[in-house]
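The sequence and structure come first.

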Amino acid sequence: MEVFKNYLNKLNYFAIIDLVVIVLAAVAVLWFFKRRNNLKMALFVAVYVCTYIGVSIATALTDASLLFITSEILRWGGIILIFCIIITYQQDIKSSITRFARWHDSKDSYDYGNSEDDLRQAVDEIVKGCQSLSKNDTGALIVITPSVVPSHLLETGTALNAKISDGLLQCIFNTKAPLHDGAIIVKENVILAAGCFLPLSQREDISKELGTRHRAAIGITEESDVLAIVVSEETGIISTVRHGEIKRYMTPEKLSDEIEKAFGIKYNRQKNKKR
C-alpha cells in the first residue's frame with residue numbers, strides 16, 4: 001500500500017495524459033483490426049500495450065535503471081510496430097481517413113419526403129429489377145445511400161433524377177446502353193445518377209472469383225456508409241456489400257431485408273413500436 005501511495009505521488013498531469021493517449025491510441029488500433037476481422041493482430045496489439053503500460057508502472061515504482069533495457073526495447077519496438085502497421089495496412093488506413101474526411105461531404109438537398117409505402121415500393125422494384133437482371137445474366141451495380149449522398153460519386157456519372165423501377169433498371173444496365181458499365185446512385189425511390197465510377201478496393205484477400213464490379217462495391221462501402229448491390233454478369237449471383245463485407249447468394253427475401261435496413265424502414269418501425 002505504501003508503494004502504491006509513492007507511485008501516486010510521483011504521478012503528474014503529463015504522465016496521466018501520456019497514459020490516456022496510449023490507451024486511446026490502443027482502442028483505435030483495436031477497433032481498426034476488429035473491423036477487418038484480424039483478431040490475432042488485435043490481440044497482439046492489446047498484449048503489447050498492456051505489457052508496455054505494466055513496465056512503465058513498474059519503472060515508476062522501482063529504480064528506473066532496473067528495467068531500462070526492457071523499457072527501451074518496448075519503446076523502440078512500439079515505433080517499429082507502428083511503421084509496420086502503416087506499411088502493411090496503408091490502403092485500409094487511406095480508406096478510413098478518406099471516409100472520415102468525407103463524412104460531411106454530402107448533398108442533403110435531395111430530400112423527396114417519401115412515405116414508408118413509397119420506400120417499400122422502391123424496395124420491391126429494386127428486388128424485381130435485380131431478379132430480372134440475374135435471370136438474363138446482366139451485370140449491375142447499385143449503390144443505395146441511406147441519408148448522405150457522396151457528391152464526389154455523382155460528379156463521375158450522368159444525372160438522372162428518375163423514379164426507380166424494374167424497367168428502368170433493365171434499360172440502364174442493358175449491355176447496349178451507354179451507362180451500363182458504371183454504377184447507379186439511389187436515394188429513397190430516386191436514381192440520382194447512372195454510369196458512376198467507384199473506387200476499387202485494394203484488399204488482397206478478395207476472392208479471385210469476384211470481378212471489377214464486386215471490387216468496386218467493396219471499395220465504395222469501405223469509404224462511405226452505403227449499401228452496394230452487385231449482380232454478377234458471369235453467374236447471375238446477387239450480392240450485397242456493406243462496410244466492406246460481402247454477402248453472396250441473396251434471395252429476394254434477404255435482398256429485400258438488406259434494402260429495408262439501408263432505407264431505415266425497419267428502424268423506424270421498431271422506433272414507432274417503442275413509442
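E209 is exposed, with a relative accessible area of 67%; exposed means over 50%, buried under 20% and partly exposed in between, with a 1.4 Å probe and protein chains only. This is a predicted model, in which local features need pLDDT of at least 70 and side-chain atom pairs count only at pLDDT 80 or more, while totals for chains, interfaces and linings use all residues. Residues are numbered from 1 along each chain as its sequence is written, and side-chain values use heavy atoms, with hydrogens and water left out.

E209 forms a salt bridge with R248, and the closest N and O atoms of the pair are 3.7 Å apart. A salt bridge here is a side-chain nitrogen of Lys or Arg within 4 Å of a carboxyl oxygen of Asp or Glu. E209 lies in the loop between β4 (190–196) and α9 (212–223), and R248 in the loop between β7 (245–247) and α10, so the pair ties together parts that are 39 residues apart in sequence. R248 is partly exposed, at 25% relative accessible area. Helices (H or I, at least four residues) and strands (E, at least two) are DSSP runs, numbered from the N terminus.

Helix α10 (residues 252–263) contains E260. The side chain of E260 meets that of R120 in a salt bridge, 3.1 Å from N to O. E260 is buried, with a relative accessible area of 11%, whereas R120 counts as partly exposed at 25%. A network of salt bridges links E116, R120 and E260.

E258 and K247 form a further salt bridge through their side chains, 3.2 Å from N to O. The pair links distant parts of the chain, with E258 in helix α10 and K247 in strand β7, 11 residues apart. E258 is buried at 10% relative accessible area, and K247 is partly exposed at 42%. The count for the model comes to nine salt bridges, among them these:

| Salt bridge | N to O distance |
|---|---|
| E260 and R120 | 3.1 Å |
| E258 and K247 | 3.2 Å |
| E209 and R248 | 3.7 Å |

The surface also carries a nonpolar patch. W76, I79, F83 and I87 form this patch, with about 450 Å² of accessible area together. Patches are made of residues with over 30% relative accessible area and no salt bridge, with like charges joined within 9 Å and nonpolar side chains (Val, Leu, Ile, Met, Phe, Trp, Tyr) within 5 Å. F83 sits in helix α4 (residues 68–88) and is exposed, at 53% relative accessible area.

For the chain overall, there are 11 helices and seven strands. Of its 275 residues, 39% count as buried. The chain exposes about 16,300 Å², and carbon and sulfur atoms supply 60% of it; accessible areas come from the Shrake-Rupley method with a 1.4 Å probe, and for residues only the protein chains shown count as cover. Among contacts (heavy atoms within 4.5 Å) between residues at least 6 apart in sequence, 64% join residues at least 24 apart.
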